[in-house]
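Reader: Please take a close look at one part of this model and walk me through what is there. I would like the cut-off for each term as it comes up.

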Amino acid sequence: MTLITTPSRDDAAVDDFHRLFDAVAACGATVGGGVERQSASAADGAARRVFAAALEAAGATVRTDAVGNQYGVFALADRIDAPLVMLGSHLDSQPRGGRFDGALGVVAAAAVGAALMRAKRAGARFDADYCAVNWTNEEGARFRPSLLGSGFFTGKHDADFALSRADDAGVTLGEALAAIGQRGADAPPPLPACYLELHIEQGLHLESAAADIGVVRRNWGAIKVDVRFQGEQAHTGPCPMPLRRDALLAAAYLIAEARAIADRWPGVVHTSVGRIVVAPNSANVVPSEVALSLEIRSADDAVLAEAGALGARAIAEAAERANVTVTADRAERPIRQLPTEVCDLVAACAGALGLSCRDVDTVAGHDAISLLGLCPTGLIFVPSVGGVAHNEGEFTARADIENGLRLCLEAAWRLCQAGGSPERATLAGGPV
């Protein structure tokens, strides 16, 4: 098939993006300029409805699967067995999170779909269909684990597992999705021929290098441990210190040791305890139970393994020192390279648009990581001002947003004309 000029400078796509982005950002908006839009909350439900309405207006068929993943499928090709090109990210946020994390990729995916459909109506020919997707519970802020929706799509989790995950108030994902009308029954689309995700960098590399686009070549590995210390409730006044079984004391020992582990490998290992739940959480009561989440990340396999072993030892020693019992559920995400053929496509599209690009790692997890190894998968970064993320002050400049959008449109156009093949799309080239 002869490829024709891409509409990557389509001003209508830019306008579509900004209108939809502003509408989504209003869902759960905070006074600090961010969003409070945790998964399956009322604000998330509002954003999902805005997204679905935009997809339908653009000519997509909207599907919602059993765990709430939303798919907007654009029928571009003239055959029913056409491969699928998919772009997307997530609309859920962290508590008091930023407007750009996740939403940038979802809104860009919708704007790209609308532009491709306009092009089809104007006579363009395509050899693949297109799908814009919003994945459920990427953040893992309310329901754990993270990447839950994309994990269901790729077969890592079944629907029963995903829907039974409960938040700290005991509400399950299934109950929360039903409450906002987002527990669907549609079959997910097939695994795409190529998946791309646009995201803010959440780091400083692009800004420091004055680069327009980050081509993600590798993800950092992660060890995530849900830890539960079980002690004994007692009065904080009369209970003798030697007799106390203080679960919060065990947590304190572990938190301090987690930082010490990172300090052994400066810049190479990142650790955190970002979540802690204390019971009964009363000023006059020795805490009987503490649940917390420990994370250890690195891009070096050997170092990650050693740091993980130190983390396991720190959990056991913290429990012993505080005279409490402990349970720990551990999950690991391996270090992997993203496929060269998709990275090359992203770099080629950046070059065609006159955008500078830099190879980068992703330290954070993204839905793209769920699809990695199952289909050609790419992750595209645009700069984050000051590297600020998971924060109301998170910001990406308008020009950088539009650069990312145009790159996605260039890549999606090529892919949809090349049957979803990143190799063919890279070789196609052509004027813009």
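Author: Proline 145 is found in the loop between strand S4 and helix H4 (148-153). Helices (H or I, at least four residues) and strands (E, at least two) are DSSP runs, numbered from the N terminus. The peptide bond that leads from arginine 144 into proline 145 is cis, with omega near 10 degrees. This is a predicted model, in which local features need pLDDT of at least 70 and side-chain atom pairs count only at pLDDT 80 or more, while totals for chains, interfaces and linings use all residues. Residues are numbered from 1 along each chain as its sequence is written, and side-chain values use heavy atoms, with hydrogens and water left out.

Rings of Phe, Tyr and Trp (its six-membered ring) pair if their centres lie within 6.5 Å; planes under 30 degrees apart count as stacked, over 60 as edge-to-face and the rest as tilted. By this rule there are nine aromatic pairs. Tyrosine 71 and tryptophan 135 have ring centres 6.0 Å apart and planes at 85 degrees, so this pair is edge-to-face. Because tyrosine 71 belongs to strand S2 (residues 70-74) and tryptophan 135 to S4 (residues 129-135), the pair ties together parts that are 64 residues apart in sequence. Both tyrosine 71 and tryptophan 135 are buried (buried means under 20% relative accessible area, exposed over 50%, partly exposed in between, with a 1.4 Å probe and protein chains only).

Phenylalanine 74 and tyrosine 130 form a tilted aromatic pair, 5.9 Å centre to centre with 50 degrees between the planes. Phenylalanine 74 lies in S2 and tyrosine 130 in S4, so here the parts tied together are 56 residues apart in sequence. Phenylalanine 74 and tyrosine 130 are both buried.

Ring pairs also link Phe17, Phe21, Phe100 and Phe395 into a cluster. Phe17 and Phe21 are among the H1 residues that meet helix H3, as are Asp16, Leu20 and Val24; the H3 side includes Leu104, Val107 and Arg118. Contact here means heavy atoms within 4.5 Å. By class, the contact of H1 with H3 has 14 nonpolar, no polar and two charged residues. Ala, Val, Leu, Ile, Met, Phe, Trp, Tyr, Cys and Pro count as nonpolar, Asp, Glu, Lys and Arg as charged, and the others, Gly among them, as polar. H1 and H3 (residues 103-121) pack at an angle of about 145 degrees, with their axes 9 Å apart; axes are lines fitted to C-alpha atoms, for helices over the stretch in contact, and angles run from 0 to 180 degrees between N-to-C directions.

Helix H1 (residues 11-25) also packs against helix H2 (residues 42-58), where the axes come within 9 Å and cross at roughly 160 degrees. That makes H1 roughly antiparallel to H2 (angles under 35 degrees count as roughly parallel, over 145 as roughly antiparallel, 65 to 115 as roughly perpendicular and the rest as oblique). Leu20, Ala23 and Val24 in H1 meet Ala47, Val50 and Ala54 in H2. This contact of H1 with H2 has six nonpolar, no polar and no charged residues.

The loop between H1 and H2 holds alanine 40. Alanine 40 has a positive phi of about 65 degrees although it is not a glycine. At 4% relative accessibility, alanine 40 counts as buried.
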